[in-house]
Amino acid sequence: MSTYGPPHLQRRSLLKLGIASAVVLAVAGGAVALMQPGLQNGKLTESSRLIFSRVGQTILAGTLPVDEGPNQIAINSLLDRVDAFIAATPEHVQAELSQLLGLLATSAGRWGVVGLSSDWHDATLPEMATAFAAMRVSSVSLRVQVYQALHDIVSASYFSGPESWAVLGYPGPRAV
Amino acid sequence: MSLPDPIKEGLARGWKVLGGAHGALPPSITCDVAIIGSGAGAGITAELMTKAGLKVVIIEEGQLKSSTDFKQREPEAYASLYQEAAGRQTKDKGITILQGRSVGGTTTVNWTSSFRTPPTTLKYWQEKFGLTDYNVEALAPYFQQAEERLNIAPWQTSPNENNELLRRGAAKLGIHAEVIPRNVKGCYNLGSCGMGCPTNAKQSMLVTTIPFALDGGATLLVETRAEKFEIANGRIQSLSCIAVKPNATPVNAGGPATQVIAKHFVLAGGAINSPALLLRSKAPDPHKLLGTRTFLHPVAITTAIMANTVSAWDGAPQSIYSDHFLGTQPIDGPIGFKLEVAPLHPVFFGANLPGFGEKQAQLFHRYPNANVMLALMRDGFHDQAVGGKVELRSSGQPLLDYPLTEFVLEGARRGMLAMAEIQFEAGAKAVYPGHEMGQGTTTWADTKAAINALPMKPLLTKIGSAHVMGGCGLAADDKRGVTRPDGVHWQLENLSIHDGSIFPTSIGANPQLSIYGNVNRLAQGLAKRLTGKAVTLA
């Protein structure tokens, strides 16, 4: 890690950055310099779209269509809803999410936070399910926080679409 | 036949509304009373000050939305009517808080449950905070007026099954449950209260006191955040405000949008927000109390899949409650909890159901049979339940640091046990505790063992909140409180605080009527001091 000033001062200023930085310090200090923001103008970058499509397939396994064509359509719809969800959140949430997604795009972040050795493109659904199951009950608070953030963004986005109502058996709002 | 929209009608009549698309803000505004916020305490105050003939300006950071906008769709509601898009969290992300952000405040999106402040809570305030005038008899007429003004009465229609099963299950265990009073008039029994009432049946501030004040000549500024008080010589000299977008991002890099000058300021932004404004303003705080003792009624949950159809999205959201577990131990003993149920719409259900993937997918199909029960814990009455502390983010926005103690988390365990037993008595086929290690179990015996084995840690235990209280607590002296018993700030003589942040503890009941009734008394006192006039709410 390049230093300007004593290491302990640098650590303190990094910790102010929030969720991602505590992991960075534990995992690999150099990763900070290589991180690209996960959001561009408040929207998911290509890298973040890949991450959310894999996360979405994991969280919603058993709910999303299995066949590749319909699955891709459902994922694209989900990603649009994730963009809309993020746009409504305050700046500090967007900043934190951008940092987190930037970190998860690095191999150090993906391994250190999610516990995934394969990259996002190649990871199989069973591999991802195993990694997420461990994250969810981890003794490291940060890993639980990240699991819950990814789960909640995916779920809230998916169920905000009327396409999900058939899955639930929700008849929609009563007309007034 | 389309339903009326009283807000659009009022705007057509010439209401003075500025900010956002309603019109540019002037560089400064002068008035008699400036009210920050437009929710429970703000609305009551605005009506009474207007009745007393005072020139009132109301400053609201959220948007002006009304019945034509309320389409009973969660994504629109969460994005436009709630703080932080319904995702406001405590510092360690252990609690997710639902708080309103629009004209009418949290009253625009609450579930209508209305309870007077419990006598046991008042007694605690008298004893620990010297609040001798906060007693049942003295407050009764003020509650009575609020109940009349807002049409508060026990719900007369049959509870939906989602609520009835609480009564049924509890009764089998000898646990008493009652009907909830609601602030509704001509309710269609839809269940969409949390997304804004599309029929104007819910008697929120949006359709009652705020229109009264606007018809009486008050001015409403929307999408305008009260940023900072200018303080000198123990008085507020002025309030500087900035324009903000729907997601709270400042417009114009946060440059000043308007300066409000008033004889008296009433802070009613709600808990968390009101202390934050005072912190930004570096208000005098000699005993370091400001923002401390912020309470949430932390909620533990269990999800049951019932044998019968529940349709928890349909019908008045909350109509049955039980206070049994508030009375099984002293108020300062192990944390007590109030039992209620939650309405379930797709996002709320889908996002809150613990788990993911294939296992959870099966549960999604059981949605019509799902019941989510709530144990609202009564925080603030024990030295291991002192609540949280409001801090400021670098942006000046509030951040609540509320660590979940073992004491509170053990209360969550007891809450889950109580709820699971009731759900099985009511006919549950399976119960899922709100915990990341919570597996579904199909008998009470198995569920009891499972809940007793859960490590009740923060984050793993899913805790929510829909009630924010405290942070500018009332007390008989400045060593114990930020606010005087008459609602005036202990160090700032022309600032009153009229919202849920004045409560020295949590209420132990859904707080809206506590705010209406208590603020009714405080605002009548303020009106009398400012004008000599006696005004009442009803």
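Hi everyone! Before we start, please keep in mind that we are looking at a predicted model.

Let's begin with chain B as a whole. It contains 13 helices and 23 strands. Its radius of gyration is 22 Å, close to the 24 Å that the globule rule gives for 538 residues, so chain B is as compact as a globular protein of that length. Along the principal axes, its C-alpha atoms fill a box of roughly 65 × 55 × 45 Å. Buried residues account for 62% of the 538 in the chain.

Now let's zoom in on one strand, β3 of chain B, residues 56–59. Is β3(B) covered on one face or on both faces? On both: B:V56 and B:I58 are buried on one side, and B:V57 and B:I59 are buried on the other.

What does β3(B) pair with? One partner is β2(B), residues 28–36, which runs parallel to β3(B) over 4 bridges. Here B:I35 sits opposite B:I58. Together with helix α2, residues 40–51, these two strands make a right-handed β-α-β unit. Strand β9(B), residues 219–221, is also parallel to β3(B), joined by 3 bridges, and B:L221 is the bridge partner of B:I59.

Finally, the neighbour. In chain B, 37 residues are in contact with 34 residues of chain A. Helices α3 (74–81), α9 (346–352) and α10 (357–364) of chain B each supply at least two residues of that side. By class, the side of chain B touching chain A has 20 nonpolar, 11 polar and 6 charged residues.

Notes
Residues are numbered from 1 along each chain as its sequence is written. Chains are lettered from A and ligands numbered from 1 in the order in which they are written. This is a predicted model: local features need pLDDT of at least 70, side-chain atom pairs count only at pLDDT 80 or more; totals for chains, interfaces and linings use all residues. Two residues are in contact if their C-beta atoms, placed from the backbone, lie within 7 Å. Ala, Val, Leu, Ile, Met, Phe, Trp, Tyr, Cys and Pro count as nonpolar, Asp, Glu, Lys and Arg as charged, and the others, Gly among them, as polar. A residue is buried if 20 or more other C-beta atoms lie within 10 Å of its own, exposed if 12 or fewer, and partly exposed in between; C-beta atoms are placed from the backbone. Two strands pair if DSSP finds at least two bridges between them. A crossover is right-handed if, with the strands pointing away from the viewer, the path from the first strand over the helix to the second runs clockwise. The radius of gyration is taken over C-alpha atoms; the globule rule is 2.2 Å times the number of residues to the power 0.38.
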